[in-house]
Every structure is written in C-alpha cells, then in structure tokens.
Amino acid sequence: MSIHTRYAKFCHDTSWYKHVDEGNAPELGYLILGLVGESGEFADAYKKIIRDVGFINDEGFANQVSDDNKRDILINELGDVLWYLTRMCDFLELDVDSLMVINTYKLYNRLVEKGRLIPAETPWPFESPTYEE
C-alpha cells in the first residue's frame, strides 16, 4: 500500500463530524471550510514571520525560518491543509496522485497554449497517462 493510500485511509479514519453524515453536501461544505481555515492558519504563520523579520532577501528569510524553528510551524500548518485536501479528494472519489496528474495536464496545456512551454524542451513528466497535443 502506497504512502498516499495509507495517509488517505488515516484521514478517512480520523474524520469525525459531529453533525454531518459522510458522503453528502454538508460533509463537502465542512471540508471546504476546514481547508480554507487551515490555509488561513498557514498564511497567518507566514505573516508572523514577515512581521518579525520584515521582507528580507531569500537567504535571510530562509535563515530566519530555520533559526527560529518557524519552518516546523509552516510544515505543521501545511500538513493540516493536506489532511483536508486528502479528505476532499476522498469525497470526490479521487486519489491525490490522480489530482496531481489532472492538475499537471491542465497547467501543461495552458502553458503550451500561451507559448510559455514548448513540449520538445519540457516533455510531459508522466509515462501514463500520456500527453497528447
């Protein structure tokens, strides 16, 4: 069993909604609000880093994040975002791997259409499904 599959099972097994049944519109609404809330917590953690150190160059920012253990805070908040994203994929009967391929296809097409990506220079990154222009 892949790590994604085990994580999705863990997320499913640890989702307890007091007043929401599984597999219906209120569950999706709850998951959407959870995703937005956790994304906000991630953004707030980043905001606090900027508040404390200001907008400094990338190297200074990286040093500040690692020196003050703020990286761990960002990672923990991002993990909460992942939990809700994984549950939403499960609700839509989609695994995260498939979502990544679908999103890559969408973005790849968009960049090819805008002329910002040339398939010969940046080949389609997956063996399956194959990319067709």
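1. Loop between α4 and α5. Glu93 sits in the loop that runs between α4 (70-91) and α5 (96-113). Helices here are DSSP runs of H or I with at least four residues, strands are runs of E with at least two, and both are numbered from the N terminus. The phi angle of Glu93 is near 55°, which is positive although the residue is not glycine. Most residues other than glycine have a negative phi. Glu93 is exposed, because its relative accessibility is 76%; the cut-offs are under 20% relative accessible area for buried, over 50% for exposed and in between for partly exposed, with a 1.4 Å probe and protein chains only.

2. Basis of the model. The model is predicted, so local features need pLDDT of at least 70 and side-chain atom pairs count only at pLDDT 80 or more, while totals for chains, interfaces and linings use all residues. Residues are numbered from 1 along each chain as its sequence is written, and side-chain values use heavy atoms, with hydrogens and water left out.

3. Overall content. The protein has 5 helices and 0 strands. Along the sequence the pattern reads α-α-α-α-α. Of the 133 residues in the protein, 24% are buried.

4. Packing of α2 against α4. Helix α2 (residues 25-53) packs on α4 at an angle of about 165°, and the axes are 9 Å apart. This makes α2 roughly antiparallel to α4. The axes are lines fitted to C-alpha atoms, for helices over the stretch in contact, and the angles run from 0 to 180 degrees between N-to-C directions. Angles under 35 degrees count as roughly parallel, over 145 as roughly antiparallel, 65 to 115 as roughly perpendicular, and the rest as oblique. The crossing of α2 past α4 is left-handed, a term used if the near helix is turned anticlockwise from the far one by less than a right angle, with clockwise giving right-handed.

5. Composition of that contact. By class, 18 nonpolar, 2 polar and 8 charged residues make up the contact of α2 with α4. The nonpolar class holds Ala, Val, Leu, Ile, Met, Phe, Trp, Tyr, Cys and Pro, the charged class holds Asp, Glu, Lys and Arg, and the others, Gly among them, count as polar.

6. Salt bridges within helices. In helix α1 (residues 3-13), Lys9 and Asp13 are 4 residues apart, about one turn of the helix. Their side chains form a salt bridge with an N to O distance of 2.6 Å. Lys9 is partly exposed at 46% relative accessibility, and Asp13 is partly exposed at 41%. In helix α2, Lys47 and Asp44 are 3 residues apart, again about one turn of the helix. The closest N and O atoms of the Lys47 and Asp44 salt bridge are 2.7 Å apart. Lys47 is partly exposed at 46%, and Asp44 is partly exposed at 29%.

7. Cysteines. The count of disulfides is 0, where a disulfide is a pair of cysteine sulfur atoms within 2.5 Å. Cys11 is buried, with a relative accessible area of 0%. Cys89 is also buried, at 4% relative accessibility.

8. Tyr17. Tyr17 is in the loop between α1 and α2. Its relative accessible area is 14%, so Tyr17 counts as buried. From Tyr17 to Tyr30 the C-alpha distance is 8.4 Å, across 13 residues of sequence.

9. Segment after α5. Pro123 lies in the segment that follows α5. Pro123 counts as exposed, at 55% relative accessibility. Pro123 and Tyr108 are 15 residues apart along the chain, and their C-alpha atoms are separated by 9.6 Å.

Terms used:
Salt bridge = Lys/Arg side-chain N within 4 Å of Asp/Glu carboxyl O.
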